[in-house]
Amino acid sequence: MPQSDNDRLVALAARIEHEDPRFARSLAVGRPTRPREYRRTSAWWVLIAGLGMLVAGIVVPDGLLIAAGLVTSGIGVQLIDPYERPGDDARRPSPR
């Protein structure tokens with residue numbers, strides 16, 4: 001017997017509340033925020049810190065600082081990247 005539309009909506013609301021409580025609360029208030037997938041403020045800070053370390057390592061010739069800046073910048077770029085890889089959905093648990 002198929003589920004009613006109301007049951008599906010309740011399940012969807014519970015899933016959203018579980019995955020991103022901040023977004024669910026903002027929807028309840030009527031002033032929605034960006035979902036977690038689109039909040040990348042910390043990623044930008046990581047990228048800026050990495051580029052700062054890279055520039056500092058170039059100004060003060062320090063190979064370790066240059067290497068750390070390159071690695072940190074790479075991590076920041078990876079966090080900002082909006083592309084979802086094809087295998088990402090396979091690792092997520094099903095909502096049932």
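Visitor: Let me start with S73: is this residue buried or exposed?

Guide: Buried means under 20% relative accessible area, exposed over 50%, and partly exposed in between (1.4 Å probe, protein chains only). S73 has a relative accessible area of 9%, so S73 is buried. What you have here is a predicted model, where local features need pLDDT of at least 70, side-chain atom pairs count only at pLDDT 80 or more, and totals for chains, interfaces and linings use all residues. Residues are numbered from 1 along each chain as its sequence is written, and side-chain values use heavy atoms, with hydrogens and water left out.

Visitor: Where does S73 sit, and which residues does S73 touch?

Guide: Helices (H or I, at least four residues) and strands (E, at least two) are DSSP runs, numbered from the N terminus. S73 belongs to helix 4, which covers residues 63-80. Contact means heavy atoms within 4.5 Å. Setting aside residues up to four places away in sequence, S73 touches L47, G50 and L51.

Visitor: How many helices and strands does the chain have?

Guide: There are 5 helices and 0 strands. Read from the N terminus, the order is α-α-α-α-α.

Visitor: And how confident is the predictor in the chain?

Guide: Look at pLDDT, the predictor's confidence in each residue, from 0 to 100. For the protein chain the mean is 80, and 75% of the residues reach 70 or more. Among the elements, helix 3 has the highest mean pLDDT, 92, while helix 5 (residues 88-91) has the lowest, 55.

Visitor: Helix 3, then. What can V46 tell me?

Guide: V46 lies in helix 3. Its relative accessible area is 27%, so V46 is partly exposed. If you leave out neighbours within four places in sequence, V46 is in contact with T72, I75 and G76. Take the pair V46 and I75: they are 29 residues apart along the chain, yet their C-alpha atoms are separated by 7.5 Å.

Visitor: Which residues form a nonpolar patch on the surface?

Guide: Patches are made of residues with over 30% relative accessible area and no salt bridge; like charges are joined within 9 Å, and nonpolar side chains (Val, Leu, Ile, Met, Phe, Trp, Tyr) within 5 Å. Here W44, W45 and I48 form a nonpolar patch, with about 400 Å² of accessible area together. That area comes from the Shrake-Rupley method with a 1.4 Å probe, and for residues only the protein chains shown count as cover. W44 is in helix 3, which spans residues 41-59. With a relative accessible area of 48%, W44 is partly exposed.

Visitor: How many salt bridges are there, then?

Guide: The rule asks for a side-chain nitrogen of Lys or Arg within 4 Å of a carboxyl oxygen of Asp or Glu. By that rule the count is 1 salt bridge. R15 pairs with E19, and their closest N and O atoms are 3.2 Å apart. Both residues lie in helix 1, 4 residues apart, which is about one turn of the helix. R15 is partly exposed at 39% relative accessible area, and E19 counts as partly exposed at 41%.

Visitor: Where is A14?

Guide: A14 is in helix 1, residues 5-19. At 46% relative accessibility, A14 counts as partly exposed. A14 and A24 are 10 residues apart in sequence, and 9.1 Å apart in space from C-alpha to C-alpha.

Visitor: What do the numbers for the chain as a whole say?

Guide: Of the 96 residues, 16% are buried. The accessible surface comes to about 7900 Å², and 64% of it belongs to carbon and sulfur atoms. As for contacts between residues at least 6 apart in sequence, 33% join residues at least 24 apart.
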